Amino acid sequence: MELCYRLIDKLETEAQLTKEEWITLFQERSPGLAEYLFERARKWQHVYFGNKVYTRGLIEFTNYCKNDCYYCGIRRSSKTACRYRLSLDEILACCKEGYRLGFRTFVLQGGEDGWFTQDRLEEIIRKIKQGYPDCALTLSVGERSKESYQRLYDAGADRYLLRHETAEESHYRMLHPSELSPSRRKQCLYYLKETGFQTGTGFLVGSPGQTAAHLAEDMLFIHRLKPHMVGIGPFVPHHDTPFAKEPQGTLELTLYLIGLLRVMMPKLLIPATTALGTIDPQGREKGIQAGANVVMPNLSPLSVRKKYALYDNKICTGDEAAECWESLEQSMERIGYQLVSERGDYQE
Ligand code: SAH
């Protein structure tokens with residue numbers, strides 16, 4: 001017990017722990033320890049970000065995907081997914097509405113959809129950056145070659161999100177078909193950093209088969225990679241996947257991990273994710289209070305929101321999301337935080 005408190009102090013001063021120490025922190029955690037952790041996390045959050053919560057407008061521009069990840073609702077084998085792609089004009093209309101609402105970062109996320117060739121992606125990037133030169137553009141379009149990442153960066157994209165999903169190899173293979181490789185996924189993250197992207201990784205919390213040792217590997221990998229952003233969210237089952245009957249990840253463990261990430265890397269950009277908001281009505285607020293400092297409301301057109309169904313019961317897919325800014329602003333104010341428009345780039 002007492003040891004765990006000392007490990008959190010050590011994490012704070014040395015920014016790293018051994019694998020065994022991480023495992024202890026996961027296995028021996030308690031509500032009292034978590035409160036101690038969140039206080040340290042909020043202290044660092046306050047030092048670097050005050051009470052600011054950064055906003056990113058998420059545009060889910062295609063749900064076609066060539067991959068077949070066992071947890072994901074838009075996987076290739078899903079027969080029930082109703083597939084869609086947004087046109088360039090539809091994407092630009094999302095940016096226009098987002099800009100009006102106050103967003104200064106747009107995130108283009110999608111399945112790995114070959115229809116969006118290198119040239120098409122570059123054209124989209126150029127058009128968005130032409131129309132909104134004061135905005136940051138984040139891509140989240142999966143694994144690509146080093147050359148492709150370089151060209152996307154040269155076309156004007158600023159940031160890239162690619163979660164490693166789980167750092168431990170055998171666990172990665174449990175969650176993915178054999179054509180997907182854990183080493184390639186990690187290699188892509190190093191390419192992204194070398195290219196110059198502000199790079200985000202992350203992992204699923206409570207995915208099937210996950211152990212304390214796997215989570216320890218996730219924390220060690222993040223420490224090695226030194227990303228600028230880390231997005232984590234609970235695994236939430238989707239009814240039309242092989243993991244339909246698996247239990248979802250918990251709020252408690254997700255919050256604990258957010259706190260640990262903040263204390264390990266105090267300047268990190270950490271979103272309170274939609275998946276967290278999906279498993280608990282106050283999930284995103286609790287995420288902020290555990291150390292997160294980013295929210296990513298949905299800017300996708302209402303007509304497609306329900307179709308980008310990575311998991312069941314996803315929030316903000318109805319018309320209530322239209323006023324996502326105002327309602328989020330109010331809920332953040334209630335807990336003493338301020339939603340801000342500024343780009344919120346990573347500060348070294
Ligand atoms: N094709 C892109 C974007 C993937 S979707 C890529 O490969 O990076 C974004 C994230 O949603 C994934 O990285 C995954 O961590 C998360 N996700 C997918 N299915 C999920 C589920 N069932 N529960 C919770 N999160 C899920």
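Me: Let's open with a rule: rings of Phe, Tyr and Trp (its six-membered ring) pair if their centres lie within 6.5 Å, and planes under 30 degrees apart count as stacked, over 60 as edge-to-face and the rest as tilted. How many aromatic pairs does the count come to by this rule?

Reply: Before counting, note that this is a predicted model, in which local features need pLDDT of at least 70 and side-chain atom pairs count only at pLDDT 80 or more, while totals for chains, interfaces and linings use all residues. Residues are numbered from 1 along each chain as its sequence is written, and side-chain values use heavy atoms, with hydrogens and water left out. By the ring rule, the number of aromatic pairs is 16.

Me: Let's take one of them. What kind of aromatic pair do Tyr99 and Tyr132 form?

Reply: The two rings are 5.4 Å apart, centre to centre. Their planes make an angle of 40 degrees, and the pair is classed as tilted.

Me: How many residues apart are Tyr99 and Tyr132?

Reply: Helices (H or I, at least four residues) and strands (E, at least two) are DSSP runs, numbered from the N terminus. Tyr99 sits in helix H4 (residues 88–101), and Tyr132 in the loop between helix H5 (118–131) and S4. This pair therefore links distant parts of the chain, with a separation of 33 residues.

Me: Is Tyr132 buried or exposed?

Reply: Here buried means under 20% relative accessible area, exposed over 50%, and partly exposed in between (1.4 Å probe, protein chains only). Tyr132 has 13%, so Tyr132 is buried.

Me: What kind of aromatic pair do Tyr153 and Phe197 form?

Reply: Tyr153 and Phe197 are 5.1 Å apart, centre to centre. With 75 degrees between the planes, the pair is edge-to-face.

Me: How many residues apart are Tyr153 and Phe197?

Reply: Tyr153 belongs to helix H6 (residues 146–154). Phe197 is in the loop between helix H8 (182–195) and strand S6 (198–201). The pair links distant parts of the chain, and the gap is 44 residues.

Me: Which residue of this pair is buried?

Reply: Tyr153 has a relative accessibility of 29%, so it counts as partly exposed. At 1%, the buried residue is Phe197.

Me: Which residues form one aromatic cluster with Tyr153 and Phe197?

Reply: Four residues make up this cluster. Besides Tyr153 and Phe197, the members are Tyr149 and Tyr160.

Me: Which residue lies over the face of Trp115?

Reply: A charge sits over a ring if NZ of Lys or CZ of Arg is within 6 Å of the ring centre and within 35 degrees of the ring normal. Lys186 does this over the face of Phe221, at 5.3 Å from the ring centre. For Trp115 the distance from the ring centre is 3.8 Å, and the residue is Arg120.

Me: Now the sheet. What is the strand order of the open sheet of 6 strands?

Reply: Two strands pair if DSSP finds at least two bridges between them. In this open sheet the pairing is parallel, and the order is S2-S3-S4-S5-S6-S8.

Me: Which strands are the edge strands?

Reply: An edge strand here pairs on one side only. The two that do so are strand S2 (57–62) and strand S8 (229–230).

Me: Which residue in S10 is the bridge partner of Thr55?

Reply: Strand S1 (residues 52–55) is joined by 3 bridges to strand S11 (residues 338–340), running parallel, and Val53 stands opposite Leu339 there. S1 also runs parallel to strand S10 (residues 294–295), with 2 bridges. In S10, the partner of Thr55 is Val295.

Me: Which side chain makes a polar contact with the side chain of Gln45?

Reply: Gln45 lies in helix H3 (residues 31–49) and has a relative accessible area of 2%, so Gln45 is buried. A polar contact is a pair of N or O atoms within 3.5 Å; within protein, one must be able to donate a hydrogen and the other to accept it, and residues adjacent in sequence count only if both atoms are side-chain atoms. The side chain of Gln45 reaches the backbone oxygen of Ala292 at 2.7 Å. The side-chain contact, at 2.7 Å, is with Tyr337.
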